[in-house]
Amino acid sequence: MKQWSEILPDQCPPDNSFEPDGLVFYRLCASPPPTEEDFKSQRANCPTCNFNNVSECITHSLSVWDDIDKCLNLLKLPRHKGKAAMKLELSSNDGLVLQTFKPNHYSWWRTKSFDISLVTTTQ
Amino acid sequence: MIKQLNISQILVYYDFPEIFVAVDSVGTNYLCLLVATDNGNTNYITTAISNKRLSSFINGSTDLRDIFEEPEIKQWFTFSQVIDSIEAIEWNEASLPQDFLPEKGFLYHKQLQGDELILNEVIEKRNAVVHLAVSDSEDNYSIDADNLGDIVKLYQVIIENSYKKSLIQRNIKDKKQYYIPPNYKLRAFASSYSSFNLHLYSTSQTDLFGNAMIEMGLEKFDEITKDFDNEEDFIAALRTVKGHTISSLKKLVKKLIDNNIKLKHKWFAPNQDKVHFTIIDKSKAEKIYAVLNLAEELAEETKTFLGYFVQVDVEKGTWRIYNLEDEKEYSGEATGQSLQGVTVETVNYKLVCQEIIEELKVTEKEKTKYVLQTIDKAE
């Protein structure tokens, strides 16, 4: 039984999400070393935000990329200037992932057992 | 000044929609950019953008910073709430602060050179677009009308059946709502040179990220017409769509072989970051045809009925059954004595039949024939 890092809605994560089991993903952090703040979902950051076509389940996930260039491209956007990129080698215990929305983009539902101290920053 | 906008397509998502396209009440596009998420709020800026410039941005030719630093109309709006519609308030300064501007060098895609036409069409149609180019040995820029008609019809049948097979295999809830013709039917709207190039667009259901349902059929078409070295792997790909898709594919490649026709298949959809392109020339068609002949069983489609007989003629070998699942009647044929002793109307049977679609002619409707394979009393 996975212990999720936040309370998830019913039937979340979706049935077709899967354990990452060694897959490598990339995500941004405000500055190295990463902290818990860098792993907050949309719902944790913005309890009242509501976008059509973005399900409540997805708002409780974290965006990660399996392509470093696509992740680094985000650093040019106003919200992400000056941030750093993290490399995440996710194990089965770290949660469930699902490819969503666009090529190379995944939604990650994180478990409490994910160890932030093991994360490396790449840029 | 307040501008009412509605989200049309999300281009970049990272925990939040970072960049998206919205439209106003007269159809003008606005490019929206998330600049901050503070204290439980989002803060976006937006500016009007022409189809041409939007296409250039999506194509990877225009820098995001240029769009906001030098907008076509020197007017910006800002908003924080994105619910059903957006109320954007005019930004009353001469320029945007540096904090609101992206750094130089943000390109949406790696540049899609040479594919501007299909990309513009996708933006205009807000859906998937296909270019189906055909040429024969006589002329690179024209095609026999009969052959064109047959090829387009066969292509459409393959897309329809590939889509339905892919949908069955996907883990999607409430699938019934997606079995609708707009999700697999294409409409022709233009043609161009570069062989006889027919332009088709889809009216498929799409989500805000630009994912169009018809892509399942288009991807499958590419998969079953790809170059292959390993025959076993290719047969495995064909098995995922066995049945009508394969029988239509066989007819299509035979048509290409017999008439020495080259078929170019190009497609793009709003969510894609590359234009998909495959060519089937005579030699590739022969290679595919040989594999299809090796595995004849791939073309067989079976259909199971559960219900009671409405009519049976043992001598003629014909039957009609009321199928309980969809509450429709179906008729078919049987060989030998398989109908001997069946009870009409009061007993339910399970029938496994071979489903055969009668030889295709462009101007006629298809006829589906069911040939009884096995019959058992239902429990």
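Q: If two residues are in contact when their C-beta atoms, placed from the backbone, lie within 7 Å, how many residues does the contact take from chain B and how many from chain A?
A: This is a predicted model, in which local features need pLDDT of at least 70 and side-chain atom pairs count only at pLDDT 80 or more, while totals for chains, interfaces and linings use all residues. Residues are numbered from 1 along each chain as its sequence is written, and chains are lettered from A and ligands numbered from 1 in the order in which they are written. The counts for the contact are 30 residues from chain B and 26 residues from chain A.

Q: Which strand gives the most to the side of chain B that touches chain A?
A: Helices (H or I, at least four residues) and strands (E, at least two) are DSSP runs, numbered from the N terminus. On the side of chain B that touches chain A, at least two residues come from each of strand S1 (2-14), S2, S3 and S4 of chain B. The strand that gives the most, with five residues, is S3(B).

Q: How do the residues of the side of chain B that touches chain A divide into nonpolar, polar and charged?
A: Ala, Val, Leu, Ile, Met, Phe, Trp, Tyr, Cys and Pro count as nonpolar, Asp, Glu, Lys and Arg as charged, and the others, Gly among them, as polar. By this division, the side of chain B that touches chain A has 17 nonpolar, seven polar and six charged residues.

Q: In what order do the six strands of chain B close into a barrel?
A: Two strands count as paired if DSSP finds at least two bridges between them. One of the pairs is strand S3 (residues 29-38) with strand S4 (residues 41-49) of chain B, which run antiparallel and share nine bridges, and B:Asn29 has B:Ile49 in S4(B) as its bridge partner. The pairing in the barrel is antiparallel, and the order of its strands is S1-S2-S3-S4-S5-S6.

Q: At about what angle to S3(B) does helix H1 of chain B run?
A: Axes are lines fitted to C-alpha atoms, for helices over the stretch in contact, and angles run from 0 to 180 degrees between N-to-C directions. Helix H1 (residues 51-58) of chain B lies across strand S2 (16-23), S3 and S4 of chain B, and its angle to S3(B) is about 55°.

Q: Which strands are the edge strands of the open sheet of chain B?
A: The open sheet has five strands in the order S8-S9-S7-S10-S11 (chain B), with antiparallel pairing. Two of these strands pair on one side only, and these edge strands are strand S8 (186-192) and strand S11 (276-280) of chain B.

Q: Which residue in S10(B) does B:Ser135 stand opposite?
A: Strand S7 (residues 129-135) of chain B runs antiparallel to strand S10 (residues 262-268) of chain B, and seven bridges join the two. Opposite B:Ser135, the residue in S10(B) is B:Lys262.

Q: Is helix H4(B) roughly parallel or roughly perpendicular to helix H5(B)?
A: Angles under 35 degrees count as roughly parallel, over 145 as roughly antiparallel, 65 to 115 as roughly perpendicular and the rest as oblique. Helix H4 (residues 145-169) of chain B packs with helix H5 (residues 215-224) of chain B at an angle of about 105°, and their axes are 7 Å apart. Because of that angle, the relation of H4(B) to H5(B) is roughly perpendicular.

Q: What is the radius of gyration of chain B?
A: The radius of gyration is taken over C-alpha atoms, and the globule rule is 2.2 Å times the number of residues to the power 0.38. Chain B has eight helices and 16 strands. For its 379 residues the globule rule gives 21 Å, and chain B is well over this, so it is more spread out than a compact globule, with a radius of gyration of 26 Å.

Q: What is the radius of gyration of chain A?
A: Chain A has three helices and six strands, and from the N terminus on its elements run β-α-α-β-α-β-β-β-β. The globule rule gives 14 Å for 123 residues and chain A comes close to this, so it is as compact as a globular protein of that length, with a radius of gyration of 14 Å.

Q: Where is A:Pro33 placed?
A: A cis peptide bond, with omega about -10°, joins A:Pro32 and A:Pro33. The place of A:Pro33 is in the loop between S1 and helix H1 (42-45) of chain A.
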